[in-house]
Amino acid sequence: MSDNTNVSHNVMNTLIEAIKYISENYRQEFSNSQAIETSTLFMGGPIPKFLYRGEAQLWEKTQSTVTRQQLKDNTDFIEINYWITGRHHLTGTVQNIYSLYNFLRERLYNISVAEEHFGSPDLDKAIAGLLQHYGFDTSLIDFTSEIGVAAFFATFNSKIGNVGQIFVLPTTDIENYVFDLSLDKASRPKKQKAFALVLPQGYDLKMENLVSFRKAFSVKFQLTAEDKERFYRNDLLSVDDDNVVIDLVDWFDCHISDNTKVSDRVKKYFRTKIENLKQHCG
């Protein structure tokens, strides 16, 4: 097995070579370690030895979409947060029972707004992870237990000749930072064998102390036409017959679309998310 430090600085000729290297040297295995099995963040499923993340570009930083999109610096953040989480962005107190969080909590988990289940960390992360996989901005970072899924996202919307990378994260000692979404109710996370990495707001996955402590590393590659053809997966983004998308559209139509109390900019933010999902129908 090659030294991780050297791997992170090399560029493979193709993504096919990069995937072959990772598959041979960091072969995926699953276990039911009792120490980790008790963690509710893993939801009782088998524990992968590695998690993978495909990046189509050599981003200097790997951060959550909330941080990357600078959503918290956006003047509309408070209103967007009000309609997504229903909570005050600083105190966490419940302000909006018609939020997307409460809507999905009732539709997916049969927990009514009247029930006092606010503040459940696991439920919060489950719904945030779900929203992440349907295009909404969250404080989570996507990973997968399947190398082929990471390969697809490493090619998605990328051009031939671009240099991308596959990030490899050993799961040893990170059970309190990772949430398993592959057993959830939503079809997209299931198909994508999805896991979410939970880091403090603003953290960068490529920070030196995180990389060295977690023994994470990346394998870089230059994208070829054969790579795009080999790793194309039409099913991973499809939302045909996806009940979660139906729920998201219902919520938008009921609480946002014609609501005169929602600003035009925030309506546009949510409308864009819904329209992007509809593009993957049919």
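Tutor: One term before we start: buried means under 20% relative accessible area. Also, this is a predicted model.

Student: OK. How many helices and strands are in the protein?
Tutor: The secondary structure comes to 13 helices and nine strands.

Student: And how much of the protein counts as buried?
Tutor: Of its 282 residues, 49%.

Student: Let's go to α6. Is α6 mostly covered or mostly uncovered?
Tutor: Mostly covered. Seven of the 10 residues in α6 are buried.

Student: Which residues of α6 are buried?
Tutor: L100, Y101, N102, F103, L104, R105 and L108.

Student: What about the largest nonpolar core, which residues touch the most other members?
Tutor: That core has 30 residues, and L104, L130, L131, Y134, L248, W251 and F270 touch the most other members. The elements giving two or more residues to this core are α5, α6, α7 (121-132), α12 (243-255) and α13 (264-278).

Student: Which element gives the most to this core?
Tutor: α12, with six residues. There is also a second, separate core of 20 residues, with A18, F50, I147 and L223 among them.

Student: Back to Y134. What does Y134 touch, leaving out residues up to four places away in sequence?
Tutor: Y134 touches A186, S187, R188, P189, V239, D242, V244, V245, L248 and L277.

Student: Now the outside. Which residues form a nonpolar patch on the surface?
Tutor: V94, I97 and Y98. Together they have about 270 Å² of accessible area.

Student: Where is V94?
Tutor: V94 sits in the loop between α5 (77-84) and α6 (100-109).

Student: Why does V94 count as partly exposed?
Tutor: Because its relative accessibility is 36%.

Student: Switching to another loop. Where does S158 lie?
Tutor: In the loop between α8 (147-155) and β6 (163-170).

Student: Is S158 buried or exposed?
Tutor: S158 is buried, because its relative accessible area is 5%.

Student: What does the side chain of S158 make a polar contact with?
Tutor: The side chain of N162, at 3.5 Å. Not counting residues up to four places away in sequence, S158 touches A56, L223 and K228. L223 also turned up in the second core.

Conventions:
Residues are numbered from 1 along each chain as its sequence is written. This is a predicted model: local features need pLDDT of at least 70, side-chain atom pairs count only at pLDDT 80 or more; totals for chains, interfaces and linings use all residues. Side-chain values use heavy atoms; hydrogens and water are left out. Helices (H or I, at least four residues) and strands (E, at least two) are DSSP runs, numbered from the N terminus. Buried means under 20% relative accessible area, exposed over 50%, partly exposed in between (1.4 Å probe, protein chains only). Patches are made of residues with over 30% relative accessible area and no salt bridge: like charges are joined within 9 Å, nonpolar side chains (Val, Leu, Ile, Met, Phe, Trp, Tyr) within 5 Å. Accessible areas come from the Shrake-Rupley method with a 1.4 Å probe; for residues, only the protein chains shown count as cover. A salt bridge is a side-chain nitrogen of Lys or Arg within 4 Å of a carboxyl oxygen of Asp or Glu. A polar contact is a pair of N or O atoms within 3.5 Å; within protein, one must be able to donate a hydrogen and the other to accept it, and residues adjacent in sequence count only if both atoms are side-chain atoms. Contact means heavy atoms within 4.5 Å. A nonpolar core is a set of buried Ala, Val, Leu, Ile, Met, Phe, Trp, Tyr and Cys residues joined through side-chain atoms within 4.5 Å.
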